[in-house]
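Please open the structure in your viewer and keep the selection tool at hand. The tour goes from one selection to the next.

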Amino acid sequence: QQHENENAELFSTVCLSGWLKDSRDFQRPWGVDPTNPPITDRLERLARFYAIHKPENIPRCEEILRRWKGEERELWAVLKEKYGSSPDTLYPIYDSPYRRVVITHEEDEIVDNLLGELGYTVPSMKQEGPFRGERKAQSLDKKQMYERKVNSMVSHSNETSTSLNTSYSSATNDSEPTGPKTKKPTIAVWDYQMEYGGELLTVKWESDLLMELCDSVQDLAADLAGQAAREILKQTALATLITAVALPYALVRAANMIDGTWTLAIERADLAGIELARTLLESQAGHRPVVLIGFSMGARTVYSCLKELARQQEIWEEQQEELELEKAAKKKGKHRYRVKKKKNKDEEKILREPASIVEDAIMMGLPNHLSLPSLEACRRIVAGRLVNCYSQKDLILSLMFQFHRLSGALRPVCGTSPVRIRGVENYDVSSLISAHSDYCTMTPHILRMIYHGCPHRSQATIIVPSEFATDPAL
């Protein structure tokens, strides 16, 4: 679905969800108000409203609705008069904390260097006065204020996670480790376009299958409710070859519960990626660059799309070579040269170079074995950043790929380990993701952590360890 803007945008962002608790999660994690279908639950709408305007009121949402029962329209009118918006008209969110954060001194230097390389005159320190020198301190102070606000939202939203039904129940925390629990936000309300701009498109695909997969994982989590089984899984997923060959029977039986749905979801994600690549090639919306972002099976779709574009790029280069040979033959007066006959429909003339389409690609929790040739092809097709976000605590990915260990040959999984390929940026998001379902609510924080949409000059290969994710300077 396309979210239209009055002004023409210079780039498009395609967002793909791959893990759902309901069909609204095709849009909910991406900083938009779900419209297909919309959120009709007043309790969730009120909680999302207070998550932006007054997080401390989130635990009181049920009480407020009881007091205003039958007079919800009047309540909405009172909230709009007080805060300037109502739970039904929350977007655009002008009061986003990140919109008030001034860039750091290092980010300012990156922008200045880029402007200098483009030939623009950068104001000096004397011309700007004391503001430039104070910018770093102001930025850190405001970022610390934002961190405190987020922590407040986290603590309040966790108190009401069960009543609001905006996160999975305790049985669905499929891979939550033992020990002290880290509080995570259960309500992720933000505005993608206010923070990053551009044309935003969300893709709705295989909703029934994805929800069936998530339901199957809930059943698996209930079957593995014993903490001992989870400890065995953690040891198995990280053990040596001898230890990993034999999974405990309970885990094999649990993995077998979702194996059929999991395999089907992988196949459908691959097919969806091929169709997405063809759609991008045949798009009539101009030649604006496209940013692809996906998590879980959505990341698999992005990965499949990049592989298909890489394959189409090889065909395009062959076609260009044949055209050059034909032109050269015509110039020399030779008419005997003939272009090779098309072998199949896939080799029909490509009007746009596939390598000119994707600017950045971000894959979070990618369910795929590490394949160096395929990922190198993906790197060649992406003009800008290719980012792999992984979590070592994602035990669902570990379990399912351990279950298919014979075909996978114990290769690393992209969603649980770094991809050591030149030009691929790796971010360890283990501090944010302790269960595969966390991607639904932690997407905005991950995008901020990887500096999405910010001036960023990366090294050839970047691996960011998880301990830096909690650094206030970030």
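Which backbone oxygen does the side chain of serine 296 reach? Select serine 296 together with glycine 18, and you will find that the serine side chain reaches the backbone oxygen of glycine 18 at 3.3 Å. This is a predicted model, in which local features need pLDDT of at least 70 and side-chain atom pairs count only at pLDDT 80 or more, while totals for chains, interfaces and linings use all residues. Residues are numbered from 1 along each chain as its sequence is written, and side-chain values use heavy atoms, with hydrogens and water left out.

Stay with serine 296, which lies in the loop between β4 (290-295) and α13 (297-331); helices (H or I, at least four residues) and strands (E, at least two) are DSSP runs, numbered from the N terminus. At 1% relative accessibility serine 296 counts as buried, a word that stands for under 20% relative accessible area, with exposed meaning over 50% and partly exposed in between (1.4 Å probe, protein chains only). Not counting residues up to four places away in sequence, serine 296 touches Gly18, Trp19, Met364, Gly365, Pro367 and His436, where contact means heavy atoms within 4.5 Å.

Next, select helix α17 (residues 439-449), where 11 of the 11 residues are buried, so the helix is largely enclosed by the rest of the structure. Among these buried residues are Tyr439, Cys440, His445 and Arg448. Tyrosine 451, which follows α17, has a positive phi, near 60°.

Finally, move to leucine 118 in the loop between α4 (105-117) and α5 (125-128), which is exposed, with a relative accessible area of 64%.

Conventions
Polar contact = N/O pair within 3.5 Å; in protein donor to acceptor, adjacent residues only side chain to side chain.
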